[in-house]
Amino acid sequence: MLRLSIPVRQALSRLTLPVMLLASLGLILAGRADRHLGDMLRTGLDDALAPVYRAAAAPVAAIEQDRGALGSWFRLHAENLALTKQNEALQRWRAVALALAAQNAALKSQLHFVPTPTPNFFAARVIADLGGLYARSVLVTIPREAHDIVNAIAMDGRGVVGRVVQSGSRSARVLLITDLNSRVPVAIGRHGERAIMEGQNSATPRLIYWAPGDPPREGQIVLTSAVGGVFPYGLPVGIVRYKGRNDPVVVPFAGLTRLRVLRLFEYDTQSAAPADPPGNPSHP
């Protein structure tokens with residue numbers, strides 16, 4: 001291998017740019033003087049570089065389409081970067097969750113908190129959605145061992161559907177929260193302001209008996225209230241919307257128009273009586 005001295009390499013590095021500029025200028029002048037010569041030079045250059053382009057086309061296409069070893073490497077590299085960021089975020093959230101869990105345990109210890117007993121529940125298939133005394137109710141099948149489940153709470157995967165009003169040996173009728181005969185005590189918003197959710201035989205039951213001077217606000221979450229001893233506190237019901245001035249309604253979370261399978265919960269609401277929102281101990 002030819003070894004050049006340091007002065008020669010320095011001289012070559014200094015001459016590279018001027019030589020390239022002169023060569024470029026010469027090619028431009030030649031192309032201006034003779035267009036045919038310029039076309040010949042470009043065609044010859046394309047012909048000379050065609051094998052190089054052909055050889056590089058496959059790897060470039062593989063990278064662009066995530067194929068082959070290079071494509072897999074780039075894909076794995078991108079996934080690795082994404083997983084690294086996700087892992088860092090999860091680590092931060094884990095620290096937050098541990099801190100909140102410790103704080104929650106400390107607060108429960110200070111308040112002598114007694115957790116709500118886990119309710120008995122079972123799944124029930126909807127076999128009819130009309131009939132009986134109510135305009136909006138569904139008939140569900142129940143297991144043979146389930147007896148006298150009147151006032152059991154029916155929910156789908158997202159929210160409260162209603163409560164059982166009639167129970168037999170093999171079936172039960174669930175009164176939906178949208179029925180005209182339905183009255184559900186509810187707690188609204190973060191502070192659990194109380195009201196009554198009244199069915200209207202429409203898709204959106206309305207809110208009545210809310211606190212004067214403190215109407216429900218658009219977008220507030222509506223939960224069940226323990227007032228009345230039928231529903232426990234805190235089951236998700238829906239969200240507040242306004243149909244008109246001073247006419248708040250609740251858009252239910254539950255998919256009441258496509259009920260197929262419900263879960264019926266038998267809450268011991270007497271033992272779960274303390275389930276009222278903190279900071280709102282008075283009854284309406």
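Predicted model: local features only at pLDDT ≥ 70, side-chain atom pairs only at ≥ 80, totals over all residues.
User: Why is Glu 145 called exposed?

Analyst: Exposed means over 50% relative accessible area, buried under 20%, and partly exposed in between (1.4 Å probe, protein chains only). Glu 145 has 64% relative accessibility, so Glu 145 counts as exposed. Glu 145 sits in the loop between strand S2 (137-141) and strand S3 (153-155); strands are DSSP runs of E with at least two residues, helices are runs of H or I with at least four, and both are numbered from the N terminus.

User: Why is the pair of Phe 121 and Phe 265 called stacked?

Analyst: Rings of Phe, Tyr and Trp (its six-membered ring) pair if their centres lie within 6.5 Å; planes under 30 degrees apart count as stacked, over 60 as edge-to-face and the rest as tilted. By this rule there are three aromatic pairs. For Phe 121 and Phe 265 the centres are 5.3 Å apart and the planes at 25°, so the pair is stacked. Phe 121 lies in strand S1 (residues 120-128) and Phe 265 in strand S12 (residues 261-266), so the pair ties together parts 144 residues apart in sequence. Ring pairs also link Phe 121, Phe 265 and Tyr 267 into a cluster.

User: What makes strands S6 and S7 a pair?

Analyst: Two strands pair if DSSP finds at least two bridges between them. Six bridges join S6 to strand S7 (residues 193-198), and the two run antiparallel. Arg 183 stands opposite Glu 198 in S7. S6 and S7 form a hairpin with four residues between them, and Gly 189 in the turn has a positive phi of about 75°.

User: Which other strand is joined to S6, and by how many bridges?

Analyst: Three bridges join S6 to strand S9 (residues 221-224), again antiparallel, with Ala 187 opposite Leu 223 in S9.

User: How many residues of S6 are buried?

Analyst: Strand S6 (residues 183-188) is mostly covered, with five of its six residues buried.

How values were computed:
Residues numbered from 1 in each chain as written. Heavy atoms only, no water.
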